[in-house]
Amino acid sequence: MDKVRSNKKAIVFFMAPAVLFFMIFIIIPIGMSVYYSFMNWDGITRPIFAGLKNYTELFSSITIRFGKSVKNSLLIAFFSTVIQLPVALVFALVLSRVRRGRNTFLTIYFIPVLISSVAIGQLWMRIYNSDYGVLNYLLKTIGLDNLCRNWLGEQSTAMGAVLVPIIWQFIGYHMLILYSGIKAVPETVIEAAKIDGATGVQTARFVIIPMIKPIIKVSTIFAVTGSLKIFDLIYVLTNGGPAHATEVPSTLMINMLFSRNRYGMGSAIVLFIILECFLFSFIIEKVFKERD
Amino acid sequence: MDKVKKTFLYVALSIWAIIQVFPLYYLITFSLKSNGEILGENILGLPIKWLWSNYRKVLNESNLLRYLGNSVFVTVITILCVIIISLMAAYALYRMKWRFQGFFIMFFMLGLTVPIHSSVLPVFVILKKIRLLDTYWALILPYIAFSLSMAILMCSGFLKGVPVELEEAACMDGCGVYKIFWRIIVPIMKPAFTTVAIFTYLSSWNELMFSTIFINSDKFRTLPVGIQMLSSSLITDWGVVGAALVLSLIPTMILYICLSQKVQEGMVMGAVKG
């Protein structure tokens with residue numbers, strides 16, 4: 001058997017396709033992005049070495065509005081974490097306490113996660129529509145006409161209007177992740193807490209939540225890095241507008257690369273996004289470790 | 001638990017369910033209404049006159065079916081390739097014996113953390129060079145690559161549950177490694193295929209960034225970009241756009257209704273292990 005298991009030719013045969021795909025479409029591109037980010041290149045003429053110029057311009061230029069885009073993505077990360085996770089956790093806890101209809105509720109909560117961002121975006125654009133949207137209609141029926149506005153079109157409200165569908169779409173995802181964690185807590189532990197006289201809330205607070213900390217960490221990392229990378233919904237809803245009000249690094253990157261042909265600058269943004277995600281994952285890991 | 005408390009919990013759960021479903025209710029109802037109803041007479045209620053012609057119109061007058069076909073083609077080929085390639089790699093990585101196994105396992109798990117953003121431009125440049133830009137392959141090939149890490153991880157989970165004795169018995173009977181793989185591993189791993197297929201389906205079916213940039217001609221356009229185009233060209237005809245959006249959601253919804261447990265499992269597994 002050992003001879004069969006160490007058949008070199010077979011190993012190469014089994015590994016080759018996966019390694020090739022991985023190298024060509026993931027590993028080499030990372031190297032290429034690093035290389036491009038040091039170049040001044042429009043994709044047509046020869047690339048010229050620019051050193052760190054793309055990076056310095058990115059961080060210092062006022063016209064690119066990179067700082068604004070980073071701020072927006074951090075804002076999305078912040079609100080995703082402080083709204084999505086607590087709500088998801090509470091509902092996951094409640095779900096674990098009820099028997100009837102549990103799966104039905106879970107199934108319903110999870111639907112938005114599966115729907116394409118384009119459909120969700122197009123739908124919410126219509127909810128927000130200034131003339132015929134549901135939101136303004138509801139405001140008018142309860143007499144708050146003066147609150148009606150072009151939600152996605154005005155700089156002051158666009159960011160808030162974009163945040164709602166983002167949070168709405170992914171709350172079910174976190175709920176499911178957390179719920180699966182709660183389900184893994186042994187029934188005996190919960191019973192023991194009950195026998196000791198703990199109320200439902202106390203059991204959740206002192207028994208369940210400490211036990212599912214690793215899952216909460218996963219959810220936090222997902223909420224934060226997902227927000228830092230966010231592209232689809234914003235691209236559909238506003239494409240970063242009006243006047244950069246909802247710009248995030250990903251939309252700025254696509255704009256740099258494929259509208260303005262600034263390949264070097266776009267690649268610098270890519271590297272920033274990757275490093276930022278790593279950094280935040282690392283910080284979250286550390287925070288959760290220290291709390292133990 | 002006392003009754004009052006329980007009722008309260010159910011009310012809370014139901015209110016949340018309504019919040020989650022309301023936008024979809026709105027979508028489905030306005031896909032069946034005339035502009036007159038949508039834009040004033042009857043914004044929130046069920047359609048007064050059920051306008052199935054919206055659906056007929058979008059099916060007859062737009063390329064929606066073409067986009068749907070493209071999406072099905074791209075996704076099916078991607079899923080098939082991912083299943084074969086990831087199972088082969090997982091077998092070599094977790095069942096065979098060689099020197100750099102640990103390194104390659106790490107190598108593939110690294111892929112879980114790489115966002116697709118990092119590949120947009122380089123893959124664009126590569127595809128342009130090998131003249132695959134604006135073909136089905138421009139989507140299929142990168143989708144395969146980006147699904148592999150998770151698929152290998154999922155396969156490895158299932159592989160661990162396969163008893164080694166099965167392979168040993170086959171080996172005694174004189175089977176070589178390829179025969180063991182095809183005759184024993186592939187059939188026994190069928191449950192893993194469903195999980196891998198669902199996960200790959202969800203990540204490629206809705207993918208927007210690559211499909212926006214690598215595809216230019218309408219001929220090859222997939223659903224997400226297709227309905228995006230459709231919605232902006234039919235901007236005034238809400239009912240018809242609604243019908244297009246509803247139709248684009250049907251495949252995923254059918255899948256979800258049939259396999260909701262498996263879909264949820266797959267997504268959680270992806271999150272927790274990643």
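Visitor: What ground rules apply?

Guide: The model is predicted: local features need pLDDT of at least 70, side-chain atom pairs count only at pLDDT 80 or more, and totals for chains, interfaces and linings use all residues. Residues are numbered from 1 along each chain as its sequence is written, while chains are lettered from A and ligands numbered from 1 in the order in which they are written.

Visitor: How many helices and strands does chain B have?

Guide: Helices (H or I, at least four residues) and strands (E, at least two) are DSSP runs, numbered from the N terminus. Chain B has 13 helices and zero strands. Its radius of gyration, taken over C-alpha atoms, is 23 Å, well over the 19 Å that the globule rule gives for 274 residues, so chain B is more spread out than a compact globule. That rule is 2.2 Å times the number of residues to the power 0.38. Along the principal axes, the C-alpha atoms of chain B fill a box of roughly 75 × 65 × 35 Å.

Visitor: Is T81(A) buried, partly exposed or exposed?

Guide: Count C-beta atoms, placed from the backbone, within 10 Å of the residue's own: 20 or more others is buried, 12 or fewer exposed, in between partly exposed. T81(A) has 18, so it is partly exposed. T81(A) sits in helix 4 (residues 66–97) of chain A. In chain B, buried residues make up 45% of the 274.

Visitor: What does T81(A) touch?

Guide: Contact means C-beta atoms, placed from the backbone, within 7 Å. Not counting residues up to four places away in sequence, T81(A) touches T220(A), A223(A) and V224(A).

Visitor: At what angle do helix 2 and helix 14 of chain A cross?

Guide: Under 35 degrees is roughly parallel, over 145 roughly antiparallel, 65 to 115 roughly perpendicular, and the rest oblique. Here the axes of helix 2 (residues 8–37) and helix 14 (residues 263–291) of chain A come within 7 Å and cross at roughly 125 degrees. That makes helix 2 of chain A oblique to helix 14 of chain A.

How values were computed: Axes fitted to C-alpha atoms, helices over the stretch in contact; angles between N-to-C directions. Contact = placed C-beta atoms within 7 Å.
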